[in-house]
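Here's a quick tour of a protein model, with charged side chains up first. Have the structure open while you read.

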Amino acid sequence: MEDNRIIKVYLDDDPQPFVEFAPPTKFVLDTSKIPDGKHELRIVARSSSGKEGIRTLPFEVRNGPSIAVVGLNDGEVVNEKVPITINSYGSEKNDFFLIRGSETPKGIPAWVWALVIGFVGFAMFYLIMYWSPQFYKSFF
């Protein structure tokens, strides 16, 4: 009996499969040749008895530089003037990376400030209440 199992892989709505093979197999999807954005991988498998199964896998390609926006979120309602910081950075291998501070500058969260103030306050309280020469013991 002839084994006629086959798997065809389609990208988006392309009528021609970009790869065909007999199962099981492995292949590498090179996203550098696919434009950035949302895509769909459609896998059609045919069994040895001729029945077909279809599975679709939605995915998003983002080969271009990453873009970070501080000051405006998706779907946010705003009024008046809104300060916005936009930063873009990629991962090309030939770039020379020089550290000049934060890649995407953001303010320090309030909980960090509260923690620092609480620690400094407790340290001052401890020094004022318990610092005296009689508690100092030298190791020498």
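Let's start with a charged pair: the side chains of aspartate 30 and lysine 33 meet in a salt bridge, 2.9 Å from N to O. Keep in mind that this is a predicted model. In general, side chains of opposite charge can pair when their charged atoms come close.

**Salt bridges**
- Aspartate 30 counts as partly exposed because its relative accessibility is 35%, while lysine 33, at 69%, counts as exposed.
- The whole structure has 3 salt bridges.
- Another one joins the side chains of lysine 38 and glutamate 60, at 4.0 Å from N to O.
- That pair links distant parts of the chain, with lysine 38 in strand E3 and glutamate 60 in strand E4, 22 residues apart.
- Glutamate 60 also forms a salt bridge with arginine 62, with the closest N and O atoms 3.4 Å apart.
- Put together, Lys38, Glu60 and Arg62 are linked in a network of salt bridges.
- Lysine 38 is exposed at 70% relative accessible area, and arginine 62 is exposed at 58%, whereas glutamate 60 is partly exposed at 46%.

**The E3 and E4 hairpin**
- Strands E3 (residues 37-46) and E4 (residues 52-61) run antiparallel and are joined by 10 bridges.
- Across the pair, arginine 42 stands opposite threonine 56 in E4.
- The hairpin has 5 residues between its strands, and glycine 50 takes a positive phi near 100°.

**Isoleucine 86**
- Isoleucine 86 sits in strand E6, residues 85-89.
- Isoleucine 86 counts as exposed because its relative accessibility is 62%, where the cut-off is over 50%.
- Leaving out residues up to four places away in sequence, isoleucine 86 touches Ile67, Ala68 and Val69.
- Isoleucine 86 and valine 69 are 17 residues apart in sequence, yet 4.6 Å apart in space, C-alpha to C-alpha.

How values were computed: Residues are numbered from 1 along each chain as its sequence is written. This is a predicted model: local features need pLDDT of at least 70, side-chain atom pairs count only at pLDDT 80 or more; totals for chains, interfaces and linings use all residues. Side-chain values use heavy atoms; hydrogens and water are left out. Helices (H or I, at least four residues) and strands (E, at least two) are DSSP runs, numbered from the N terminus. Buried means under 20% relative accessible area, exposed over 50%, partly exposed in between (1.4 Å probe, protein chains only). Contact means heavy atoms within 4.5 Å. Two strands pair if DSSP finds at least two bridges between them.
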